[in-house]
Amino acid sequence: QVQLVESGGGLVQAGGSLRLSCAASGRTFSNYVMGWFRQAPGKEREFVSTISFTGSTTYYIDSVKGRFTISRDNAKNTLYLQMNSLKVEDTAVYYCATGKYWMATMAPDYEYWGQGTQVTVSS
């Protein structure tokens, strides 16, 4: 089993930046593809980005490309999401999760989840 704890959320003005972290414990972190999802009020959970085991390959949804950067430090068992040029529509609870396979983009294809961290972008 893997335990995931997100941090780094908060309130920021549009155009600002935040860096989310996801600390993992339990099984070997580097054995897992990792992903970030988000869920806005009244909406379904949405895939945001994923990163390969070593961090060499990443994938993003179009709406965050060029603004968000996913990365991982396997020595520190930590996943990151650097979010720049934030928009009001980025407001959501952000979750990290372990993927069952590379390039999984659907929530059922992710196994372990953190509790989420709130990101609120004001206009």
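Reader: Over the ring of which residue does the charged end of Arg-45 sit?

Author: This is a predicted model, in which local features need pLDDT of at least 70 and side-chain atom pairs count only at pLDDT 80 or more, while totals for chains, interfaces and linings use all residues. Residues are numbered from 1 along each chain as its sequence is written, and side-chain values use heavy atoms, with hydrogens and water left out. A charge sits over a ring if NZ of Lys or CZ of Arg is within 6 Å of the ring centre and within 35 degrees of the ring normal. For Arg-45 the charged end is 3.8 Å from the ring centre, and the ring belongs to Tyr-95.

Reader: Which ring has the charged end of Arg-19 over it?

Author: The charged end of Arg-19 is 4.0 Å from the centre of the ring over which it sits, and that ring is the one of Tyr-80.

Reader: Which residues form one aromatic cluster?

Author: Rings of Phe, Tyr and Trp (its six-membered ring) pair if their centres lie within 6.5 Å. A search of the whole structure on this basis finds six aromatic pairs. One cluster is formed by Phe-37, Phe-47, Tyr-59, Tyr-95, Tyr-110 and Trp-113.

Reader: How many residues apart are Phe-37 and Phe-47?

Author: Strands (E, at least two residues) are DSSP runs, numbered from the N terminus. Phe-37 belongs to strand 4 (residues 33-39) and Phe-47 to strand 5 (residues 46-51), and the pair links distant parts of the chain, the separation being ten residues.

Reader: Which residues does Trp-113 touch, not counting residues up to four places away in sequence?

Author: Trp-113 lies in strand 10 (residues 110-113), and at 25% relative accessibility Trp-113 counts as partly exposed. Its C-alpha atom is separated by 6.8 Å from that of Tyr-95, 18 residues apart along the chain. With contact meaning heavy atoms within 4.5 Å, and leaving out residues up to four places away in sequence, Trp-113 touches Leu-4, Phe-37, Arg-45, Tyr-95, Cys-96, Ala-97 and Ala-107.

Reader: Which residue does a disulfide join to Cys-22?

Author: A disulfide is a pair of cysteine sulfur atoms within 2.5 Å, and the structure holds one. With 65 degrees about the S-S bond, this link is right-handed. Cys-22 counts as buried at 0% relative accessibility, and the S to S distance is 2.0 Å to its partner, Cys-96.

Reader: How many residues apart in sequence are the parts that Cys-22 and Cys-96 tie together?

Author: Cys-96, at 0% relative accessibility, counts as buried. Cys-22 lies in strand 3 and Cys-96 in strand 9, so the pair ties together parts whose separation in sequence is 74 residues.

Reader: What is the order of the strands in the open sheet of four strands?

Author: Two strands pair if DSSP finds at least two bridges between them. Strand 1 and strand 3 (residues 18-26) pair in the antiparallel sense over six bridges, and six bridges also join strand 3 to strand 8, again antiparallel. The open sheet has antiparallel pairing and the order 1-3-8-7.

Reader: In which loop is the place of Asn-77?

Author: Most residues other than glycine have a negative phi. Asn-77 has a positive phi of about 55 degrees although it is not a glycine, and at 32% relative accessibility Asn-77 counts as partly exposed. Its place is in the loop between strand 7 (68-73) and strand 8 (78-83).

Key: Buried < 20%, exposed > 50% of the residue type's maximum accessible area, 1.4 Å probe, protein only. Phe/Tyr/Trp six-rings, centres within 6.5 Å; stacked < 30°, edge-to-face > 60°.
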